[in-house]
Amino acid sequence: MAKTVAECLRNKQARLQAQRPLIHSLTNFVVMNDCANMILTVGASPVMAHAPEEVAEMAAVSGAVILNIGTLTRSWVEAMVLAGQAANKAGVPVLLDPVGAGATRMRTEACLQILAAVKVAVIRANAAEAAVLAGLDAQVKGVDAVSGDALAAARTLARRFNVVAAVTGPVDYVAAGEKTYAISNGDVWLSRLTGTGCMCSSVVGCFCAVEPDYLIAAAAALVFYGVAGEVAAGKVALEPGGSPWPVPRGPLTYKTALFDAAYNLTGEWAASLARVERRDDV
Amino acid sequence: MAKTVAECLRNKQARLQAQRPLIHSLTNFVVMNDCANMILTVGASPVMAHAPEEVAEMAAVSGAVILNIGTLTRSWVEAMVLAGQAANKAGVPVLLDPVGAGATRMRTEACLQILAAVKVAVIRANAAEAAVLAGLDAQVKGVDAVSGDALAAARTLARRFNVVAAVTGPVDYVAAGEKTYAISNGDVWLSRLTGTGCMCSSVVGCFCAVEPDYLIAAAAALVFYGVAGEVAAGKVALEPGGSPWPVPRGPLTYKTALFDAAYNLTGEWAASLARVERRDDV
Amino acid sequence: MAKTVAECLRNKQARLQAQRPLIHSLTNFVVMNDCANMILTVGASPVMAHAPEEVAEMAAVSGAVILNIGTLTRSWVEAMVLAGQAANKAGVPVLLDPVGAGATRMRTEACLQILAAVKVAVIRANAAEAAVLAGLDAQVKGVDAVSGDALAAARTLARRFNVVAAVTGPVDYVAAGEKTYAISNGDVWLSRLTGTGCMCSSVVGCFCAVEPDYLIAAAAALVFYGVAGEVAAGKVALEPGGSPWPVPRGPLTYKTALFDAAYNLTGEWAASLARVERRDDV
């Protein structure tokens, strides 16, 4: 078990290479390809399966199970519960990404249903989704956070459901019990591409598959992903652009750079650029 | 309300920035990621939701609802009707993309079912799909137009269903009542990438969310998207290529350039390259 | 009918250009966009449709039907059987990609169900999936092959189901009856991107649509795809990279290069780089 975020980052490559854990995702249609590629890119083995007849069998042999409700239906939520319960039984960590919680009653209720039926290890959410699930005030529009106090949401969410709460935004907060990490890595370009939150959840899943301290695993994953986002931003032309813009600059150029950065980024390198501090609730 | 296509294009950035409308899409699996990214790229906020339990709630708070039957099933069509009716009730414009109408009986019937149950503001189609729905002769093979008189199809479709008909092809025609715009922007590279019609519909939806004259909104959207397609083509090596080809040239290079172009393109810049003329049916 | 793999490769462009066959895929959500783009890129016309009400109608007018169980459910498997049977009736070749066969009971059984109900022309699989279906020993983890004797699996699979068995890996084996081709084209980068097996199946489907000798068609397709993979690898920086890496190097840079390569690659050029030998079971 890693003692620090930096140690977890440094262990990452070796552990993923040695174990190459299967990451079983029940995720939304919009991001399936990107999430599978991100899981592959950081060194794990992605699988997507959602049929009720097979999810338990797949989850039981996985290193982590990711439940993402971005394009949910009743039958998908039922399959998520089956997968989550099988993961619980097998000691496999379960991560919940409550996409759009608060945007419709169905989404909020689906999250609560999953949290009641499954022991979730980590919730990775934006500030509004986290606040909604934590029972705090928040404004949600579709799947984007409009408002919400990320730090309060992380702490309250963590205690309410006894989970690691990883709430991402301009500053990310990762809370468990009284402990909280604040992570300032990342780049505004991540908000100009769809699915970057979902891909972040995929990376958290990969780290949880090889690091049993899920608080440290989640914090290390957010550093890793945030640094990849920063490195990728360095490959995109400076703003403001002109007409015509001088060099490649735009969301798909950034996307390519993001995956390439995640592929090339070592844990050591990420650790050297980490901007993490403790913000424990004392 | 914009009085001209150029005015609508010039207003675009300010309006999207001010309102950042939610664009709710029930679209096909093939293009979900691309359409979400295109909506984000032009400045709006994408959400995909198709569960019958939540579509009405989501549609009612959206700036536009897009119904795309590319990978339809009966249950998806039912959800589209629910979303469309909720949008109607809330005064939210509904756009229909009848992918593959005419290719199978089910697709044609699904479009007619939606058009009977929902007040559609804009139909964005290729020439064959439009002709089929307009009751004219056309040849369809899968989801590609094989033949069809685009101008006649646009005019007839617009009158038959009292909609704005936006029929895209080598020349795009946008018709409503007696009015017709002919738009000659675009590039042949757009036909070498899957989902470029669907992404075009996404852009039309974004414009309709901020411009209540849907004829002008659709025409402006086609100019914007067509100019983005032209600018992107300028980033791809000239044809014919050789073996080995000298610089990046191919569908994914073009795709990256297309998104980057749509991201960097201002309404002012697009207006300056617009090739629009009136072809009213007088 | 082509007499050799090289002849089939040389015919490819002219035949696809002349016929532009419709390739009807019932494939998994993760790769739908990539497979549609790959089919378009090599010159055919992709369509995705899975509703039981329309699959037979679509399959009957297609040049090939591809069944890929990567994100299967019972209802999708039923639609696959309907599509496959309609293709059989119309003389349209059916290709099966048994993604994850062996990973869960449901996947293995779905493949056997399809093979019992549909006359499949070609199975394109990795070594472990092929071995499982051939009744040989294999280790499967998720959708990645962990072990399996590819040559034995190809030969046994081909005989057991009287199909062309195209088993891909470091060396690809394409077997039918006593005949076997061994193909050494390809690059390790193909294993760092999700869906490259599925895209390979798409290319095999395109070749089978224009070449009635499916053994030769499948072998030619694997050469074509493998050479595209090699050419693309030449566009990515040499390994090992550094920190920061000097030029674009990573999975999405490779993906762009792969599609661009497949787009620019002529059959003649591919034939000149083919590494094929006969390994008949004599």
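## Rotation axis and the relation of the copies

In this predicted model, the residue of chain C that comes closest to the rotation axis is C:Phe29, whose C-alpha atom lies at 3.8 Å. Two copies of a chain are related by a rotation about an axis and a shift along it. Chain C can be laid on chain A by a turn of 120° and a shift of 0.0 Å along the axis, with an RMSD of 0.0 Å, where copies are superposed by least squares on the C-alpha atoms of residues with pLDDT of at least 70 in both. This is the relation of a three-fold axis.

Residues are numbered from 1 along each chain as its sequence is written, while chains are lettered from A and ligands numbered from 1 in the order in which they are written. Because the model is predicted, local features need pLDDT of at least 70 and side-chain atom pairs count only at pLDDT 80 or more, whereas totals for chains, interfaces and linings use all residues.

## Contacts between the chains

The contact between chains C and A takes 33 residues from chain C and 27 residues from chain A, two residues being in contact if their C-beta atoms, placed from the backbone, lie within 7 Å. On the side of chain C that touches chain A, the elements that give two or more residues are helix H2 (32-41), helix H5 (105-117) and helix H10 (251-264) of chain C; here helices (H or I, at least four residues) and strands (E, at least two) are DSSP runs, numbered from the N terminus. H10(C) provides the largest share of that side, 4 residues. By class, the side of chain C that touches chain A has 12 nonpolar, 13 polar and 8 charged residues, where Ala, Val, Leu, Ile, Met, Phe, Trp, Tyr, Cys and Pro count as nonpolar, Asp, Glu, Lys and Arg as charged, and the others, Gly among them, as polar.

Chain C holds an open sheet of 9 strands in the order S2-S1-S3-S4-S5-S8-S9-S10-S11, with mixed pairing; two strands pair if DSSP finds at least two bridges between them. Its edge strands are S2 (45-48) and S11 (276-278) of chain C, each of which pairs on one side only. Neighbouring strands of this sheet are turned by 20° against each other on average, direction ignored, with axes taken as lines fitted to C-alpha atoms, for helices over the stretch in contact, and angles running from 0 to 180 degrees between N-to-C directions.

S1(C) and S2(C) run parallel and are joined by 4 bridges, and the bridge partner of C:Leu22 in S2(C) is C:Ser45. S1(C) is largely enclosed by the rest of the structure, because 5 of its 5 residues are buried, that is, have 20 or more other C-beta atoms within 10 Å of their own, against 12 or fewer for exposed residues and values in between for partly exposed ones, with C-beta atoms placed from the backbone. C:Leu22, C:His24 and C:Leu26 are buried on one side of S1(C), and C:Ile23 and C:Ser25 on the other. Helix H4 (residues 74-90) of chain C lies across S1 (22-26), S3 (64-68) and S4 of chain C, running at about 160° to S3(C).

At the other end of the strand order, S9 (residues 172-176) and S10 (residues 179-183) of chain C run antiparallel and are joined by 5 bridges, with C:Val174 opposite C:Tyr181 in S10(C). The hairpin of S9(C) and S10(C) has 2 residues between the strands, and C:Gly177 takes a positive phi near 60° there. S10(C) is joined to S11(C) by 3 bridges in the antiparallel sense.
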